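Colleague: I'd like to learn how to read a model like this one, feature by feature. Can you walk me through it?

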Amino acid sequence: MGTPLKILITSQKGGVGKSTVSANLAAYFAHISAKTTTLVDLDHQGTAGKWVRNATPIGIQCISVASPNNKGVGMALLQAQQALRSAAASTQVLIADLTWTDILPAEFLFDFDLVLVPSSLSRVELDSTLEFVNRFSFIFNSSMRTPPKLVVVPSRVVNMDTYSNVFYQSFTTAFFLSPPVRFSDKASEFFGAEFFVKTSHAETRDNFIEFGRSIEELGRIQEAERPKPKGLYQPSMTGTILDRFRAGLNANDRKIPVAANDYAPPSLHDRFKAAIPSFLSRVAKVK
Ligand SMILES: Nc1ncnc2c1ncn2[C@@H]1O[C@H](COP(=O)(O)OP(=O)(O)OP(=O)(O)O)[C@@H](O)[C@H]1O
Ligand SMILES: [Mg+2]
């Protein structure tokens, strides 16, 4: 199985729709996209997990892990990362639900392809969301590693007129704005019973499918941008001493010369000698 699409749904704010989006996005990928999907519930309340476990099964694998909290962030974080890694080995889509707390290291965000931050479009909630966006801009703007894509998800949206509220301030990082997850008056009825993408309530279903499609599309873009695994180590003839050393070790099998002008496979002794700088070879008494 290839590298899965890893999506984190998080926010520091409570009650913004993290678990609703997590459970139903997992259902979107499992039911609409027919992908093997795993929900990793990192929230102590386990709301998303309860939804998935209690609803009519649609093949979502569900794992609950103690969320990293004040009682011991180190161990809990390791456990969470371990659970994510082992889940990632056997799934095409991995969705994690987590309430963000300041004890979490920002670098944890690098474990994901997409970071979704649900927020209502009220000024108060948006302010908090945009503060989060700005605070972690150094992660999302990273050029050292492939950064996750940041997506603000307008959630429980009643009035689309408020959509423009997002643009009233400036940001230190670019982010994607997903289609809104509209307020559904059936949401509490559906909790733990059925998924938005499967319901006969067309308004809720169609809206969530549109949202799911946009996230899936963004996942595809992120996947295309991901650096490809390099495969076998390819020693470079013009590279460092370490490159030449490795080339020397491989020379027997692959007949790679240790130096650009040395085309005959050299002896083992010569290969080691070529790889060791002169000041070290004196110490090591290599003739
Ligand atoms: N699209 C929606 N339409 C209607 N109600 C919603 C919607 N999304 C969430 N809600 C309701 O808002 C409340 C909070 O939702 P949810 O539990 O998903 O948020 P949360 O961010 O996970 O909360 P917590 O911080 O407690 O984990 C719930 O009562 C839920 O039913
Ligand atoms: Mg929750």
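Predicted model: local features only at pLDDT ≥ 70, side-chain atom pairs only at ≥ 80, totals over all residues.

Colleague: On to the core. Which residues have the most contacts inside the largest nonpolar core?

Modeller: The general idea comes first: in soluble globular proteins, nonpolar side chains tend to be buried together. Here the largest nonpolar core holds 53 residues, and those with the most contacts inside it are Ile7, Ala26, Leu39, Val40, Ile95, Ala96 and Leu116. Helix H1 gives the most to this core, eight residues.

Colleague: Pick one of those. What does isoleucine 95 touch?

Modeller: Leaving out residues up to four places away in sequence, isoleucine 95 touches Ile7, Ile9, Ser22, Leu25, Ala26, Thr37 and Leu39. Now look at strand S4, residues 93–99: six of its seven residues are buried.

Colleague: Which strands pair with S4, and in what sense?

Modeller: Strand S1 (residues 5–11) pairs with S4 in the parallel sense over seven bridges. Strand S2 (residues 37–41) also runs parallel to S4, joined to it by five bridges. If you want landmarks to click on, serine 11 stands opposite threonine 99, and threonine 37 has valine 93 as its bridge partner.

Colleague: Now the ligand. Which residues are the closest to ligand 1?

Modeller: The closest are Gly14, Lys18, Ser19, Thr20 and Ala187, out of 19 residues that surround ligand 1. By class, that shell has five nonpolar, eleven polar and three charged residues. H1 (18–32), strand S6 (149–157) and helix H6 (187–190) each supply at least two shell residues, and the largest share, three residues, comes from H1.

Colleague: How do I read a helix such as H7? Which of its residues are buried?

Modeller: In general, an α-helix has 3.6 residues a turn, so residues three or four places apart point the same way. The buried residues of H7 are Thr204, Phe208, Phe211, Gly212, Ile215 and Gly219. They pack against S1, H1, strand S5 (114–119) and strand S8 (181–182). H7 has 24 residues and reaches 35 Å from its first C-alpha to its last, close to the 34 Å expected.

Colleague: Last one, backbone angles. Where do alanine 34 and arginine 156 lie, and is each buried or exposed?

Modeller: Most residues other than glycine have a negative phi. Alanine 34 has a positive phi, near 50°, and lies in the loop between H1 and S2. Alanine 34 is exposed, with 10 other C-beta atoms within 10 Å. Arginine 156 also has a positive phi, near 55°, but its place is in strand S6. Arginine 156 counts as buried, with 21 C-beta neighbours inside 10 Å.

How values were computed:
Residues numbered from 1 in each chain as written. Chains lettered and ligands numbered in written order. Near = placed C-beta within 6 Å. Helix = DSSP H or I, 4+ residues; strand = E, 2+ residues; numbered from the N terminus. Nonpolar A, V, L, I, M, F, W, Y, C, P; charged D, E, K, R; others polar. Core = buried A, V, L, I, M, F, W, Y, C linked by C-beta atoms within 7 Å. Buried ≥ 20, exposed ≤ 12 C-beta atoms within 10 Å, placed from the backbone. Contact = placed C-beta atoms within 7 Å. Pairing = 2+ DSSP bridges. Expected span 1.5 Å × (residues − 1).
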